[in-house]
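Subject: Structure handover and findings

Dear colleague,

Please find the structure below, together with its sequence. My notes on it follow.

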Amino acid sequence: MRLMRIGQPGQERPVLAAADGKHRDLRPVTGDIDGPFLAALAEDPGLVPDPASLPETSIEGERVGAPVARPSAVLCIGQNYAAHAAESGAEPPERPILFYKSPNTVVGPNDDVLIPRGSKKTDWEVELAVVIGRRARYVASPEEALAHVAGYAVSDDVSERAYQLEESGGQWSKGKSCETFNPLGPVLVTADEVPDPQALRLRSWVNGEARQDSTTADMIFGVAELVHHLSQFLVLEPGDIVNTGTPQGVALSGRFPYLAPDDVVELEISGLGRQRSVLRPAP
Ligand code: ZN
């Protein structure tokens with residue numbers, strides 16, 4: 001299933017993007033696409049009926065929201081692609097690096113991204129976002145980990161490198177949690193439609209020029225390994241988001257300029273759709 005949330009911020013309605021290209025109103029099934037709904041869906045895959053039995057709805061001209069409401073946590077994995085670790089001046093990590101973004105960074109896939117006050121180093125990061133469906137606590141093995149995944153989405157782990165590295169005091173979150181710093185979506189594609197999360201092409205562009213072009217096959221720690229590993233240290237709740245790291249081709253490499261007002265960032269992951277954000281100065 002391809003799940004969406006459509007409407008103005010805070011007033012989104014749940015929508016199913018059906019295989020026939022039509023959109024169906026999911027409100028007969030759930031009030032929102034959130035942790036409780038995803039947990040219920042994990043227990044009962046038949047929760048959403050045949051799309052033809054749901055009312056048709058138009059999303060023409062409407063805002064697309066993030067496809068998950070109110071995650072309790074946004075967890076991020078650092079330097080999970082060897083070539084990106086190298087361009088950041090680091091060795092590939094021996095174990096997953098975890099940092100957090102504030103959940104209120106999550107915005108729609110086409111919403112404006114605000115360049116923070118005083119920022120000179122705002123950067124893009126296309127990432128595969130894992131959305132948790134079943135509570136993950138001390139998962140016994142990587143083989144069992146994917147059963148805890150509701151689905152996948154395109155994510156931009158927007159980063160302010162001076163805040164992340166120079167103002168940080170050693171923890172990256174200050175450069176990761178600025179307002180609007182996590183465009184997510186356009187769709188949450190359920191895990192049954194993504195048979196191999198390690199076989200997805202992910203790309204980014206700035207003002208139409210290619211930046212990142214890689215594959216999730218190049219992750220150092222794959223999705224199953226990450227969910228298993230994280231669950232040994234913390235509890236992943238339904239609706240939580242794990243950003244799984246970005247490949248090479250960001251401005252931090254020194255090969256490209258940082259983002260400026262009116263720049264357009266586009267991100268795409270095969271099968272998960274495309275997002276387009278315009279950069280604006282924080283008012
Ligand atoms: Zn990242």
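Predicted model: local features only at pLDDT ≥ 70, side-chain atom pairs only at ≥ 80, totals over all residues.

In helix α1 (residues 35-43), the buried residues are G35, F37, L38 and L41. Here buried means under 20% relative accessible area, exposed means over 50%, and partly exposed lies in between (1.4 Å probe, protein chains only). Helices (H or I, at least four residues) and strands (E, at least two) are DSSP runs, numbered from the N terminus. At the start of α1, a side-chain oxygen of D34 comes to within 3.1 Å of the backbone nitrogen of F37. D34 also belongs to a network of salt bridges that links R5, E12, D32, D34, R63, R70 and D111.

Side-chain values use heavy atoms, with hydrogens and water left out.

The metal site

The zinc ion has as its protein donors E125 (OE), E127 (OE) and D157 (OD), which lie 1.9 to 2.1 Å from it. Donors are N, O and S atoms within 2.8 Å of the metal (3.2 Å for Na, K and Ca); water is not among the atoms, so sites may look incomplete. Along the chain, the donors follow the spacing E-x1-E-x29-D. E127 lies in strand β11 (residues 126-132) and D157 in the loop between β12 (149-156) and β13 (159-160), so this pair ties together parts that are 30 residues apart in sequence. Both E127 and D157 are buried.

Salt bridges

A salt bridge is taken as a side-chain nitrogen of Lys or Arg within 4 Å of a carboxyl oxygen of Asp or Glu, and by this rule the count comes to 25 salt bridges. The zinc donor D157 forms one of them with K101, the closest N and O atoms being 2.5 Å apart. K101 belongs to strand β7 (residues 97-101) and D157 to the loop between β12 and β13, so the pair ties together parts that are 56 residues apart in sequence. K101 is buried, as is D157.

Two further pairs may be of interest. The side chains of R211 and E209 meet in a salt bridge (3.3 Å, N to O); R211 is buried, with a relative accessible area of 12%, whereas E209 is partly exposed at 48%. D262 pairs with R280, with 3.0 Å between the closest N and O atoms. D262 counts as exposed, at 52% relative accessibility, and R280 is partly exposed, with a relative accessible area of 32%.

Backbone geometry

D262 also has a positive phi of about 80°, although it is not a glycine. Y138 is another non-glycine residue with a positive phi, of about 50°, and lies in the loop between β11 and α3 (142-145). The peptide bond from G185 to P186 is cis, with omega near 25°. P186 is found in the loop between β14 (182-183) and β15.

Cysteines

A search of the whole structure finds zero disulfides, a disulfide being a pair of cysteine sulfur atoms within 2.5 Å. C76 is in no disulfide, and the nearest cysteine sulfur, that of C178, is 12 Å away. C178 is likewise in no disulfide. C76 is buried, with a relative accessible area of 0%, and C178 is buried, with a relative accessible area of 12%.

With kind regards

Methods:
Residues numbered from 1 in each chain as written. Polar contact = N/O pair within 3.5 Å; in protein donor to acceptor, adjacent residues only side chain to side chain.
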